[in-house]
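Dear colleague,

Please find below the sequence and the structure that I am handing over to you. My notes on what was found in the structure follow directly after.

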Amino acid sequence: MILVTGGAGYIGSHTVLTLLQHGHDVLVLDNLCNSSAEAIHRVNRLTGKNARLIEGDIRNRALLDQILGEHPIRAVIHFAGLKAVGESVQKPLAYYDNNVGGSITLIEAMQAAGVKNLVFSSSATVYGEQGGAREYTETMPLGVPSSPYGKTKVMIETILGDTAHADPAWTIALLRYFNPVGAHESGDIGEDPQGIPNNLVPYISQVAVGRLERLAVYGDDYDTPDGTCLRDYIHVMDLAAGHVKALEHIADKTGVYTWNLGSGTGSSVLDVVRAYEKACGKAIPYTIAPRRAGDLPAFWANPEKAARELGWRTERSLDDMMADTWRWQAKNPQGYR
């Protein structure tokens with residue numbers, strides 16, 4: 001059985017669905033602070049399987065001990081964490097407490113229970129600026145991210161590495177992913193941010209369904225083909241497949257493994273807007289706003305290591321990502337509510 005922390009969230013729910021389709025038994029732990037139990041109900045309906053959801057917090061050691069004691073958990077996929085970059089600047093203590101403190105509590109509980117297989121949801125933000133490099137490879141040193149959110153990812157990666165160094169029985173996969181977008185092709189599960197979205201694609205979606213008036217494009221004078229920032233977008237279902245591949249790859253190994261999960265190509269903000277307009281059949285109004293502090297002009301993954309070692313590559317195009325996002329948003333204009 002696989003324990004998925006934060007499994008009712010955006011990436012978590014798509015990964016739970018993929019795990020179920022690959023024959024794994026799944027138990028989800030989620031405090032539902034930025035997610036919905038409805039996501040897991042829909043995953044179960046789509047797969048005809050039954051992932052059980054326990055509402056609870058990874059900082060609750062007694063609950064973790066109970067879960068690990070009562071269920072035959074053989075590995076954990078760890079998504080649970082706060083993830084809004086801007087909010088992390090405003091509320092750093094909440095991010096360090098939830099993300100770093102929660103991860104330490106989880107690792108301690110796993111250690112005590114003898115469950116030492118972990119797949120960690122990391123992020124490309126751990127690379128920091130890398131002196132202007134635009135293609136990120138796993139051999140690059142950890143950087144200094146510009147937000148407390150990014151710093152929590154660096155800290156957790158470091159803690160996991162030190163844990164595995166001290167106890168060679170551990171097996172840890174660090175998955176550094178780039179910009180997850182899209183939704184399951186059914187349109188029944190997808191990204192459902194609370195309040196004003198922090199990320200580009202959910203923001204465009206809410207403009208498309210009329211919840212927001214227009215998109216703000218932050219900066220059009222970057223050193224890129226159209227002046228807007230380039231990012232490596234990855235379909236959430238490709239990302240989910242990467243988690244299952246990593247989980248299965250490390251099942252009979254020990255040590256720490258790091259993989260980038262990205263497409264290896266950059267798409268600009270305006271590329272994304274145009275692809276979304278094509279998907280939804282209407283214009284997305286936008287205004288050019290000043291650059292945001294900390295935004296890099298362009299970066300993307302070098303995905304060759306995951307291709308070579310996991311047999312994993314992205315399969316879905318930017319057009320697929322936007323078509324699936326629009327299907328989810330059109331079917332669920334208010335998200336899961």
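Q130 sits in the loop between β5 (117–123) and β6 (135–136); here helices (H or I, at least four residues) and strands (E, at least two) are DSSP runs, numbered from the N terminus. The phi angle of Q130 is near 55 degrees, a positive value in a residue other than glycine. L32 also has a positive phi without being glycine, with a value near 60 degrees. The loop that holds L32 runs between β2 (26–30) and α2 (37–47). L32 is partly exposed, because its relative accessible area is 22%; the classes are buried for under 20% relative accessible area, exposed for over 50%, and partly exposed in between (1.4 Å probe, protein chains only).

Please note that this is a predicted model, in which local features need pLDDT of at least 70 and side-chain atom pairs count only at pLDDT 80 or more, while totals for chains, interfaces and linings use all residues. Residues are numbered from 1 along each chain as its sequence is written, and side-chain values use heavy atoms, with hydrogens and water left out.

The chain as a whole

The secondary structure of the chain consists of 11 helices and 15 strands. Along the principal axes, the C-alpha trace spans about 55 × 45 × 40 Å. For 337 residues, a compact globule would have a radius of gyration near 20 Å, and the 19 Å of this chain agrees with that. This radius is taken over C-alpha atoms, and the globule rule is 2.2 Å times the number of residues to the power 0.38.

Of the 337 residues, 56% are buried. Contact means heavy atoms within 4.5 Å; among the contacts with a separation of 6 or more, 80% come from residues 24 or more positions apart. The accessible surface comes to about 13800 Å², and carbon and sulfur atoms account for 50% of this area. Accessible areas come from the Shrake-Rupley method with a 1.4 Å probe, and for residues only the protein chains shown count as cover.

Salt bridges

How many salt bridges does a search of the whole structure find? The search finds 21, where a salt bridge is a side-chain nitrogen of Lys or Arg within 4 Å of a carboxyl oxygen of Asp or Glu.

One of them joins D57 to R59, with the closest N and O atoms 2.8 Å apart. D57 is buried, at a relative accessible area of 17%, whereas R59 is partly exposed, at 34%. R59 also meets D97 in a salt bridge, at 2.6 Å from N to O. D97 lies in helix α5 (residues 92–113) and R59 in the loop between β3 (52–55) and α3 (61–70), so this pair ties together parts that are 38 residues apart in sequence. D97 counts as partly exposed, with 41% relative accessibility.

A further salt bridge links K253 and D252, whose closest N and O atoms are 3.3 Å apart. K253 is partly exposed, at 28%, and D252 is exposed, at 65%. As for shared partners, salt bridges join D57, R59 and D97 into one network.

Helix α7

Is helix α7 (residues 200–208) mostly covered or mostly open? This helix is mostly covered, as nine of its nine residues are buried. Among the buried residues are L200, Y203 and V207. The buried residues of α7 pack against β8 (179–181), β9 (215–218), β11 (233–235), α9 (269–280) and α11 (318–331). Just after α7, G210 takes a positive phi of about 90 degrees.

Where is A8 found? A8 lies in the loop between β1 (2–5) and α1 (10–21). A8 counts as buried because its relative accessibility is 3%. Leaving aside residues up to four places away in sequence, A8 touches S13, V28, D30, L32, S35, S36, A39 and I40. L32, listed here as a partner of A8, is the residue described above with a positive phi. The C-alpha atoms of A8 and H41 are separated by 9.5 Å, and the two residues are 33 residues apart along the chain.

Yours sincerely,
Your colleague
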